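Student: I would like to learn how to read a model of this kind, feature by feature. Please start with the overall layout and then go to single residues.

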Amino acid sequence: MKNKATINNSSIESAGIPKDYKESIAEYIWNGFDANATTVEVNFNYNDINSIEEL
């Protein structure tokens, strides 16, 4: 069975996903600890202009 789903700005805003990237990273880290993780890693790479390219 196939279901059709659509995503728009208002559906993302109502999903409880933080708009600020710092809040999203903090939420990711806390989710790890909530799952009883003893270590949570956040890896990132810089590009040629010294901005974070990949997280």
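Predicted model: local features only at pLDDT ≥ 70, side-chain atom pairs only at ≥ 80, totals over all residues.

Student: How many helices and strands does the protein have?

Tutor: Helices (H or I, at least four residues) and strands (E, at least two) are DSSP runs, numbered from the N terminus. Here there are two helices and two strands, and along the sequence they come in the order α-α-β-β.

Student: How is the span of helix 2 judged?

Tutor: The expected span is 1.5 Å times one less than the number of residues. Helix 2, residues 21-34, has 14 residues and reaches 20 Å from first to last C-alpha, close to the expected 20 Å.

Student: What share of the residues is buried?

Tutor: Buried means under 20% relative accessible area, exposed over 50%, and partly exposed in between, with a 1.4 Å probe and protein chains only. By that rule 2% of the 55 residues are buried. The protein exposes about 5,500 Å², and carbon and sulfur atoms supply 50% of that area; accessible areas come from the Shrake-Rupley method with a 1.4 Å probe, and for residues only the protein chains shown count as cover.

Student: Where does Leu55 lie, and what is it in contact with?

Tutor: Leu55 is in the segment after strand 2 (52-54) and is exposed at 62% relative accessibility. Contact means heavy atoms within 4.5 Å. Leaving aside neighbours within four places in sequence, Leu55 is in contact with Ile25, Val42, Asn43 and Phe44. From Leu55 to Asn45 the C-alpha distance is 6.7 Å, at 10 residues apart in sequence.

Student: How many aromatic pairs are there?

Tutor: Rings of Phe, Tyr and Trp (its six-membered ring) pair if their centres lie within 6.5 Å; planes under 30 degrees apart count as stacked, over 60 as edge-to-face and the rest as tilted. The whole structure has two aromatic pairs. Trp30 and Phe33 are edge-to-face, because their centres are 6.0 Å apart and their planes stand at 65°. These two residues are three apart in helix 2, separated by about one helical turn. Phe44 and Tyr46 form an edge-to-face pair at 5.5 Å centre to centre, with 90° between the planes.

Student: Which residues other than glycine have a positive phi?

Tutor: Most residues other than glycine have a negative phi. Asn36, however, has a positive phi of about 65°; Asn36 lies in the loop between helix 2 and strand 1 (45-46) and is exposed at 67%. Asn50 also has a positive phi of about 65°, in the loop between strand 1 and strand 2, and is exposed at 59%.

Note on methods: Residues numbered from 1 in each chain as written. Heavy atoms only, no water.
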